[in-house]
Amino acid sequence: MSDAGTLTRADLAESLHRQVGLSRADSARLVEQILESLCGALARGENVKISGFGTFVLRDKGERVGRNPKTGVEVPIAPRRVLTFRASQMMRDRIVAAQA
C-alpha cells in the first residue's frame with residue numbers, strides 16, 4: 001500500500017502480481033477490467049453486490065432546498081442520482097477486529 005494510507009489501482013495490481021503470479025501487465029489489465037465492469041454496471045443503473053465485501057447502491061434524490069451557510073440564502077438543489085456503499089457484515093467485522 002502507498003505511504004498515504006490509500007489503496008491504489010497500482011497497489012491492487014502489485015498484490016495480484018505477488019499473490020497470484022500474473023505478470024505486472026496482466027495484473028494491471030485485470031484490475032482495469034474489473035473496475036470497468038463495476039463502473040459500467042453502475043452507469044447502466046444496476047446495483048453491484050460483492051459477496052463478503054459490500055453493496056454499491058444507486059439512489060435518486062429529489063429536488064430540495066439548501067441554504068448557503070455564509071449568507072443564509074436558500075438555494076434549490078437539483079434532483080440527482082447518488083452512489084452509496086454499504087459494507088457487508090463480514091467486512092464490518094474485519095474492520096472492527098483490525099482496530100482491536
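The model is predicted, so local features are reported only at pLDDT of at least 70 and side-chain atom pairs only at pLDDT 80 or more, whereas totals for chains, interfaces and linings use all residues. Residues are numbered from 1 along each chain as its sequence is written, and side-chain values use heavy atoms, with hydrogens and water left out. The chain comprises three helices and five strands, where helices (H or I, at least four residues) and strands (E, at least two) are DSSP runs numbered from the N terminus. In sequence order these elements follow the pattern α-α-β-β-β-β-β-α.

**Overall dimensions and exposure**

- Along the principal axes, the C-alpha atoms of the chain fill a box of roughly 55 × 40 × 25 Å.
- Of the 100 residues of the chain, 18% count as buried, where buried means under 20% relative accessible area, exposed means over 50%, and partly exposed lies in between (1.4 Å probe, protein chains only).
- The chain exposes about 7,900 Å², of which carbon and sulfur atoms supply 56%; accessible areas come from the Shrake-Rupley method with a 1.4 Å probe, and for residues only the protein chains shown count as cover.
- Among contacts (heavy atoms within 4.5 Å) between residues at least 6 apart in sequence, 29% join residues at least 24 apart.

**Nonpolar core**

- The largest nonpolar core consists of six residues, namely Leu38, Ala41, Leu42, Val48, Phe56 and Leu58; such a core is a set of buried Ala, Val, Leu, Ile, Met, Phe, Trp, Tyr and Cys residues joined through side-chain atoms within 4.5 Å.
- Helix 2 (24–43) and strand 2 (54–61) each supply at least two residues of this core, and the largest share, three residues, comes from helix 2.
- In soluble globular proteins, nonpolar side chains tend to be buried together.
- Apart from neighbours within four places in sequence, the core residue Phe56 is in contact with Leu38, Leu42, Asn47, Val48, Ile50, Leu83, Thr84 and Phe85.

**Salt bridges**

- Seven salt bridges are found in the whole structure, each defined as a side-chain nitrogen of Lys or Arg within 4 Å of a carboxyl oxygen of Asp or Glu.
- Arg9 and Glu32 form one of them through their side chains, at 2.7 Å from N to O, and this pair links distant parts of the chain, with Arg9 in helix 1 (residues 9–20) and Glu32 in helix 2, 23 residues apart.
- Both partners are partly exposed, Arg9 at 48% relative accessibility and Glu32 with a relative accessible area of 36%.
- The side chains of Glu14 and Arg24 meet in another salt bridge, at 3.2 Å from N to O; Glu14 lies in helix 1 and Arg24 in helix 2, so the pair ties together parts that are ten residues apart in sequence.
- Glu14 is partly exposed at 25% relative accessibility, whereas Arg24 is exposed at 53%.
- A salt bridge of 2.6 Å, N to O, joins the side chains of Glu74 and Arg67, and Arg67 is exposed, with a relative accessible area of 53%.

**Nonpolar surface patch**

- Ile50, Phe53 and Phe85 make a nonpolar surface patch of about 240 Å²; patches are made of residues with over 30% relative accessible area and no salt bridge, like charges being joined within 9 Å and nonpolar side chains (Val, Leu, Ile, Met, Phe, Trp, Tyr) within 5 Å.
- Ile50 lies in strand 1 (residues 48–50) and is partly exposed, with a relative accessible area of 35%.

- Ser27, in helix 2, is buried with a relative accessible area of 0%, and its contacts beyond four places in sequence are with Ala13, Leu16, His17 and Leu22.
- Val82, in strand 5 (residues 80–87), counts as buried at 18% relative accessibility, and beyond four places in sequence Val82 is in contact with Val57, Leu58, Arg59 and Lys61.
- Val82 and Leu42 are 40 residues apart in sequence and 11 Å apart in space, C-alpha to C-alpha.
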